[in-house]
Amino acid sequence: MLRIILSGGAVLALWSFGLQPAAADYFGAPWCAVVAAGDGDMQWHCEYASVEECRPYVLAGNRGWCNPNPYFISDRPMAEHRRVRRRHARAQ
């Protein structure tokens with residue numbers, strides 16, 4: 001009986017340490033609308049998937065612009081840059 005309680009407690013402890021708090025994915029979009037709020041205060045609204053989605057928000061009377069999100073990390077792997085080896089003709 002003691003073995004069952006201890007193993008259950010160990011499983012519960014491992015399970016609770018494995019949990020992480022839920023975080024808002026605020027910087028998960030690649031485009032941000034940067035809006036002037038007055039007195040030099042700039043607000044970043046990073047929730048747009050493309051610049052076309054961002055543009056109507058900025059053009060709707062808000063003073064600002066669309067900017068690429070500086071904190072965005074894409075889940076797609078980066079393209080590998082292959083080194084091109086040039087072949088030269090031999091002198092004859």
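Q: What makes Met42, Trp44 and Trp65 a nonpolar surface patch?
A: In this predicted model, Met42, Trp44 and Trp65 make a nonpolar surface patch of about 290 Å², because patches are made of residues with over 30% relative accessible area and no salt bridge, like charges being joined within 9 Å and nonpolar side chains (Val, Leu, Ile, Met, Phe, Trp, Tyr) within 5 Å. A salt bridge here is a side-chain nitrogen of Lys or Arg within 4 Å of a carboxyl oxygen of Asp or Glu, and accessible areas come from the Shrake-Rupley method with a 1.4 Å probe, where for residues only the protein chains shown count as cover.

Q: Why is Met42 called partly exposed?
A: Met42 has a relative accessible area of 32%, and the class lies between buried (under 20%) and exposed (over 50%), with a 1.4 Å probe and protein chains only, so Met42 is partly exposed.

Q: How do you know that Cys32 and Cys46 form a disulfide?
A: Their sulfur atoms are 2.0 Å apart, and a pair of cysteine sulfur atoms within 2.5 Å counts as a disulfide. The torsion about the S-S bond of Cys32 and Cys46 is about 105 degrees, so this disulfide is right-handed.

Q: Why are Cys32 and Cys46 called buried?
A: Cys32 has a relative accessible area of 0% and is therefore buried, and Cys46, at 4% relative accessibility, likewise counts as buried.

Q: What makes the disulfide of Cys54 and Cys66 left-handed?
A: A disulfide joins Cys54 to Cys66, S to S 2.2 Å, and the torsion about their S-S bond is about -105 degrees, so it is left-handed.

Residues are numbered from 1 along each chain as its sequence is written, and side-chain values use heavy atoms, with hydrogens and water left out. Because the model is predicted, local features need pLDDT of at least 70 and side-chain atom pairs count only at pLDDT 80 or more, whereas totals for chains, interfaces and linings use all residues.
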